Amino acid sequence: MSADNPTRARGNALKHICIIMDGNGRWAKKRFMPRFAGHKAGLSTLRKIVAGCVEEELEVLTVFAFSSENWRRPEKEVGLLMELFATALTREVKKLHEHNVQLRVIGELSAFSEKIRTLIDEAVALTANNDGLVFNIAANYGGRWDIMQATRQVALEVKTGELAADDIDEDTIEQHLAMSGLPEPDLFIRTGGEKRISNFILWQLAYCEFYFTDILWPDFNKKMLIKAIDSFHARQRRFGRTGEQLKE
Ligand code: IPE
Ligand code: IPE
Ligand code: MG
């Protein structure tokens with residue numbers, strides 16, 4: 001990473017952006033198109049935003065592609081989303097690899113079809129040694145699921161005697177979360193106007209900066225991403241301290 005990394009040139013250090021890509025359905029509805037057309041348009045926005053993050057030399061981009069609650073949608077929409085996920089994994093991975101992107105997928109993957117799981121494994125294996133942008137896709141991910149599965153692993157370690165209950169601290173939990181080892185998100189972006197977390201990353205958002213925009217995800221672009229980054233740099237991150245302490 002170069003010293004004049006654009007994402008770090010101003011204000012706060014920015015390593016990790018996470019995005020709730022919301023508003024695909026409404027984007028399509030406004031155009032009298034089926035919701036799926038919005039998801040397709042959303043994929044092409046994602047392609048541009050990943051390229052933008054590579055250009056900006058960001059370390060990690062995490063996107064919410066499918067939540068653990070999205071199975072509640074009509075069967076047809078879920079089916080089409082799965083097809084789109086499979087197509088994207090097949091068609092996009094080579095380009096990501098050429099751009100030195102390391103792909104990761106976080107979530108309860110056992111719920112996906114064998115075909116999708118194989119595609120995920122292949123894409124992750126192909127890009128595992130890349131040291132550019134870490135592109136993290138949250139699929140069948142839920143923030144509560146993540147804390148629950150980490151707790152389960154910790155409980156097992158206590159049961160087998162590897163770990164004493166008294167030794168459990170915040171780092172112990174953190175080390176078992178799906179994103180363990182990556183820097184925490186610094187900036188959270190949600191498009192589509194809603195102002196909620198919708199069970200996205202919970203633990204690591206403790207001190208994240210939030211940015212909400214009414215722009216629907218298919219209309220989001222690199223310029224808007226830079227606007228969000230600029231807003232992030234203009235903030236004072238105090239982490240509990242006073243503004244005066246930070247000036248010292
Ligand atoms: C986000 O867009 C994409 C997924 C949840 C897969 P939506 O499909 O939620 O779009 P809106 O919120 O209905 O407009
Ligand atoms: C969150 O969006 C999940 C994704 C973007 C994948 P939703 O559209 O599902 O969130 P809610 O249901 O409006 O909170
Ligand atoms: Mg939505």
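**Figure 1. Overall dimensions of the predicted chain.** The C-alpha trace spans about 55 × 50 × 35 Å along its principal axes. The chain contains 8 helices and 6 strands (DSSP runs numbered from the N terminus, with H or I over at least four residues for helices and E over at least two for strands). This is a predicted model, in which local features need pLDDT of at least 70 and side-chain atom pairs count only at pLDDT 80 or more, while totals for chains, interfaces and linings use all residues. Residues are numbered from 1 along each chain as its sequence is written, chains are lettered from A and ligands numbered from 1 in the order in which they are written, and side-chain values use heavy atoms, without hydrogens and water.

**Figure 2. The open, parallel sheet.** The order of its 6 strands is β3-β4-β2-β1-β5-β6; two strands pair if DSSP finds at least two bridges between them. β3 (102–106) and β6 (209–212) stand at the edges with a single partner strand each, so one side of each lacks a neighbour in the sheet. Ignoring direction, neighbouring strands are turned by 20° against each other on average.

**Figure 3. Pairing of β1 with β2.** Strand β1 (residues 16–20) and strand β2 (residues 60–67) are joined in the parallel sense over 5 bridges. His16 has Val60 in β2 as its bridge partner.

**Figure 4. Packing of helix α2 on helix α3.** The axes of α2 (residues 35–55) and α3 (residues 75–98) come within 11 Å and cross at roughly 25° (axes are lines fitted to C-alpha atoms, for helices over the stretch in contact, and angles run from 0 to 180 degrees between N-to-C directions). α2 is therefore roughly parallel to α3, a term for angles under 35 degrees. Residues in contact (heavy atoms within 4.5 Å) include Phe36 and Leu43 of α2 and Leu80 and Leu84 of α3.

**Figure 5. Packing of helix α3 on helix α4.** α3 and α4 (residues 114–127) pack at an angle of about 15°, with their axes 10 Å apart. This angle makes α3 roughly parallel to α4. Among the residues that meet are Phe85 and Leu89 of α3 and Ile116 and Leu119 of α4.

Conventions
Parallel < 35°, antiparallel > 145°, perpendicular 65-115°, else oblique.
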